[in-house]
Number of protein chains: 2
Amino acid sequence: MLNVSLIGAGNLATHLFKAFDKADEIIVSRWYSRNLNKIKSYANRTEIIDKLDDLKAADICIIAISDDAIAGVSQQLPFTDRLVVHTSGSVGIHELDGKNRRGVLYPLQTFSEEAEVDFGQVPFCLETLDKDDLTILRQLAGSIGSPYYRISTEQRQTLHLAAVFVNNFVNQLYRVGHEITDIKNIPFDILKPLILETAKKVQHMSPFMAQTGPARRNDSKTIKRHLNLLENPMHKELYEKLTESIQQTHGRKKL
Amino acid sequence: MLNVSLIGAGNLATHLFKAFDKADEIIVSRWYSRNLNKIKSYANRTEIIDKLDDLKAADICIIAISDDAIAGVSQQLPFTDRLVVHTSGSVGIHELDGKNRRGVLYPLQTFSEEAEVDFGQVPFCLETLDKDDLTILRQLAGSIGSPYYRISTEQRQTLHLAAVFVNNFVNQLYRVGHEITDIKNIPFDILKPLILETAKKVQHMSPFMAQTGPARRNDSKTIKRHLNLLENPMHKELYEKLTESIQQTHGRKKL
């Protein structure tokens, strides 16, 4: 059985609480938020508090708050020599105050407020200074059915950057697709199965192998026609840059 | 019952044949390929031919071959006044020879040779010059369980372009994610659930609403750190251009 203290009331903290609350091997003994209103609906499931001094030592204290606030909060914890972890993709492990044992529990996934989270699809990147603490984090991730990987601070920061490409930037290309179709009164719905299939394809095939299309084929006729069709200068620039990138990857000549 | 002649032996033609062969209301009476070897394993399911002159008039003749060859093949068909459709995203309906009734049956999806295709997830863009012919194409798409939309040539060419963004270009961003993680010995597997979730999110939420991350938040500290981490000049350029695009979309100031 793992006894957990949780700090924070954002999307991630709330999803974590719900998953921990369901897990047989985890008890969330205290849940801290500056603003009790945000978590008061859970008051019957755990002890909710709005003073850091009311936190008690637990097996793990999880700080799931914004990057800039992590170091400060870790200094204010009213206990020492306990395992304290943050959940950030970019904050180094040493930014946590050294009076406690330090670790990181970074979930590489996108969370929205409304949607239920299936933690079986949330890989956790684990880092600790002490080897025994890694065992605790593995136990925690395993208890909610999540896959986990041992990942150093440098690797985690790289993953956070890679996630910007495959999540934020990919989503922006969906947005461009939406803009392009909207102008011609085409329902965006037509593109949705393709979006899903493109993501499914790389689950079992490398993106390199999965590539198709005019840039991959070096089909300059189609590329030219597409560039002529694009009216928005930013769409044109993105088309050119991404075509160039595909041709670099696949060893074709430049546009 | 619809009697179909099929021309071509590529991925799409082969997946179409399999779907038609299973459908109760469709009979593929002849299947043409220049190279009989490619389709000979289906000889027990339909009549396979390698001479266009051996084609007979059917309810629909589907030309599923490369863009450049469509016009020529449509001229060589040994019948007139029948419904002849191509399956291209970019070829105009009028490029088909006028001796037959003309139409387009464009599946907006990515096909690979190995994977089975679920045609329930393949939206068809339908176009015909004659209204009655549209009914035939609707019946055909419906028979294999596919959603369908009436789409003009101009709209279809726009969709083809949008598909390059949400499929080829998105896949290239997956590739960049793969390259970035590979250098640091991080398994690409960690990114796969995020890739899938990002695609799932826009099935029920607009890409505009779904956007998160440093560019959306205008978090210039993180953006700078990411740009410093990137060693590959093309990765850097893509990061800058896509960040700029997100900031344009969401009305934030430039980098």
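How many residue pairs are in polar contact between chain A and chain B? The count is 30, with both residues at pLDDT 80 or more; a polar contact is a pair of N or O atoms within 3.5 Å, where one must be able to donate a hydrogen and the other to accept it, and residues adjacent in sequence count only if both atoms are side-chain atoms.

This is a predicted model, with local features needing pLDDT of at least 70 and side-chain atom pairs counted only at pLDDT 80 or more, while totals for chains, interfaces and linings use all residues. Residues are numbered from 1 along each chain as its sequence is written, chains are lettered from A, and side-chain values use heavy atoms, leaving out hydrogens and water.

**View 1. Where chain A meets chain B.** Here 88 residues of chain A are in contact with 88 of chain B (heavy atoms within 4.5 Å). Together the chains bury about 8500 Å², 70% of it on carbon and sulfur atoms (accessible area lost, 1.4 Å probe, summed over both parts).

View 2. Between the two chains the salt bridge count is 6 (Lys or Arg side-chain nitrogen within 4 Å of an Asp or Glu carboxyl oxygen).

**View 3. The open sheet of chain A.** Its 8 strands run in the order S3-S2-S1-S4-S5-S6-S7-S8, with mixed pairing (strands are DSSP E runs of at least two residues; pairing takes at least two bridges). S3 and S8 each have a single partner strand, so one side of each lacks a neighbour in the sheet.

**View 4. S6 beside S7 in chain A.** These strands run antiparallel, joined by 5 bridges. Leu105(A) sits opposite Leu126(A) in S7(A).

How values were computed. Buried area = accessible area lost by both parts, 1.4 Å probe. Helix = DSSP H or I, 4+ residues; strand = E, 2+ residues; numbered from the N terminus.
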